[in-house]
Amino acid sequence: MPRSREGSPFTGLGPVFMKEFADHLSSARMMVLMLFVIVFGAFPVATSLQTLRTVVDPNSFIFLRIFTLESEQVGISFTAALNFIIPLMAIGLGFDAVNSEFNRRTLSRVLSQPIYRDALLLGKFLGGLATLAVALVALWLIVLGAGLLLLGVPPRGVEVARGLSFLVVAIAYGGVWLAIAMLFSVIFRSTATSALCALGVWLFFFILWPQLAGALLISLAPSEIRSIDDYAAVQSMGLGLMRLSPGTLFSEAVLGLLSPETRTLGPMLPSQMRGAIMGAPLPFDQSVLLIWPQVTGLIAGMIVVFAAAYVIFQREEVRA
Amino acid sequence: MADNVIEVRGLLKLYGAQRAVNAIDLDIRRGEIFGLLGPNGAGKTTTILMLLGLTETSGGTVNVLGFDPVRQPLEVKRRVGYLPDAVGFYDHLTARENLVYTARLLDIPRRQIDGRILEAMKSVKLDDVIDKRVSTFSRGMRQRLGIAEIVMKQAEVAILDEPTSGLDPHATFELLEMIRGLKKSGVAVLLSSHLLDRVQSVCDRVALFNKGNVALMGTVVELANQVLGAGHPLQVEASGIDVATTLNGIEGVQTVRQESDGSWRIVADRDVRAAVAQRIVSAGGALTRLADLQPSLEEVYTRYFQEARRAA
């Protein structure tokens, strides 16, 4: 029989959020994660700054190139490093969100206070996301500051706007992985198992998926390609498969934002080339339009995974 | 009845086809200590969780302080304190920080938080370790911190799940004192346990759980009458005579059974101690002990489950 419950599901959300945020910021785990990020982020930034100091071109988006330049010494750009590291941070923050409460036997005591489970799960998610945001903003400011000091030119307004949008996309990307990590923390009672599963998903998307998607495409694609339309269809199917990975969505969004000359994230059609000046940057709003599906995809993924965790958590028994 | 803080009618919990709680009725009165007894898996904890709205019910109605835990869990949880079996706290926080978190969840006004925490910690004699991390606390101290949480909450009903399990005798004694303290301050206490003699010493009424049913409910004396039969059991220790034959014919004596060498157990329908003593002494026996046996919950419990098993 349907019986509606009374009271706001957000009762107690504030205290849960504040506690999670404070716990994360003061935890040793957070220190380790920050160290990780700084080490992995510093190398690409330092080397790309070295390269950029020799460039003199007032029209190029020099600040954005700090993020995207793939220098020869390191072979990886700052954004590519983030693509890889943000999931790790989010998993680190979320893999034991719920099951550790269970194992410490605090879950039933906390839930016997006047709050719904909604507030606990959402508070933990937002606490983790805020922590991630603080770390990413700090990192972003460090990179920007280093750029200012070493390049000696201030960033232009549009570069700041693109940089800030990049930050928002990075946080949304972190949110997806935080939701995945929390989903496993709800499913598995053992923190080790949930960490392992979350890391497994991460490795799957970064190592296995590109090859798996390629193999899938071969088996799904028509055996012979007769026209340009066939070719385009196969191309877009391949892209669609790749875009199931949050990492792909993130890197495409970053490409659109930080490389303003990007006109399309799929195959370039002749119609899109008409009247275009090769290498000319797109206006900011056009770049945002270009990557809008990717950003929506990331946010939708975050919501879907969080909703799954929510449904499972509501059905879980609190008793030991 | 306005005097009941908890009213349960036909409460049902199904796990698949299994009836974990099978249509039970319970009434907890204002200001009493009520014990839920029974073996593990009898449905005690499930019942408690349903009272708090932490588990869905499969049928029946529950009324806690005028609220329905299924539909109004926040109202119930605001007024009811819960101490789970082997309660946990955040080890990396101090006792005070743990309670501050609870106080925030309870939305206690900020100005009152400090005072209420200090008062609660004093009432469980933990005020000297208030700023120590909970990781340094013993099991008994954690249980007491759990009581402090209930005191701070100013709950009208306290539900304690196995509060004394795993505690040493001294810690158990202290905890029971605190439970009596809760009662003194007007809180109705519902506790579950299988430490029977301890429960007997604090509970006003008990309910005996068996396979999801409330097998027996009432005061300890009432249960004893139901299970052990009405009557006054006596223990007699004497030497020099055969007590069984000597006591033959005393009015009121129902059975005389030798329990061991020189020790007999007598059941009578009234207090026959004076007559028994006189008969033994006049028969030339040396009477060394004559005791009125208080019905013990342990005995009730053991006997009940023996009979339940025999009946099965």
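**Notes on the model**

1. Let me start with B:Arg142, which is buried because its relative accessible area is 17%, where buried means under 20% relative accessible area, exposed over 50% and partly exposed in between (1.4 Å probe, protein chains only). B:Arg142 forms a salt bridge with B:Asp91, with the closest N and O atoms 3.2 Å apart; a salt bridge is a side-chain nitrogen of Lys or Arg within 4 Å of a carboxyl oxygen of Asp or Glu. The two partners are 51 residues apart, B:Arg142 in helix α5 (residues 139–153) of chain B and B:Asp91 in the loop between β5 (80–83) and α3 (95–105) of chain B. B:Asp91 counts as partly exposed, at 29% relative accessibility.

2. Before going further, a word on the ground rules. This is a predicted model, in which local features need pLDDT of at least 70 and side-chain atom pairs count only at pLDDT 80 or more, while totals for chains, interfaces and linings use all residues. Residues are numbered from 1 along each chain as its sequence is written, chains are lettered from A and ligands numbered from 1 in the order in which they are written, and side-chain values use heavy atoms, with hydrogens and water left out.

3. Now for chain B as a whole. Chain B has eleven helices and 13 strands; helices (H or I, at least four residues) and strands (E, at least two) are DSSP runs, numbered from the N terminus. Its C-alpha atoms fill a box of roughly 75 × 50 × 35 Å along the principal axes, and 51% of the 312 residues of chain B count as buried.

4. Another pair in chain B deserves a look: B:Arg289 and B:Glu237 meet through their side chains in a salt bridge (3.8 Å, N to O). B:Arg289 lies in strand β13 (residues 286–292) of chain B and B:Glu237 in strand β10 (residues 232–239) of chain B, so the pair ties together parts 52 residues apart in sequence. B:Arg289 is partly exposed at 37% relative accessibility, and B:Glu237 is partly exposed at 27%.

5. Over all chains, the count comes to 22 salt bridges. In chain A, the side chains of A:Glu316 and A:Arg189 meet in one of 3.8 Å, N to O. This pair links distant parts of the chain, 127 residues apart: A:Glu316 is in the segment after α13, and A:Arg189 in the loop between α8 (157–187) and α9 (191–220). A:Glu316 counts as buried at 15% relative accessibility, whereas A:Arg189 counts as partly exposed at 35%.

6. Which residues lie nearest the centre of the largest pocket? They are A:Arg5, A:Gln314, B:Gly53, B:Thr55 and B:Glu56, out of 27 lining residues. On a 1 Å grid over the protein atoms alone, a pocket is an open set of points where a 1.4 Å probe fits, with protein on both sides within 12 Å along at least five of seven lines; lining residues have an atom within 4 Å of a point. The elements giving two or more residues to the lining are α7 (117–151) and α13 (284–315) of chain A together with α2 (73–79) of chain B. The largest share, four residues, comes from α13(A).
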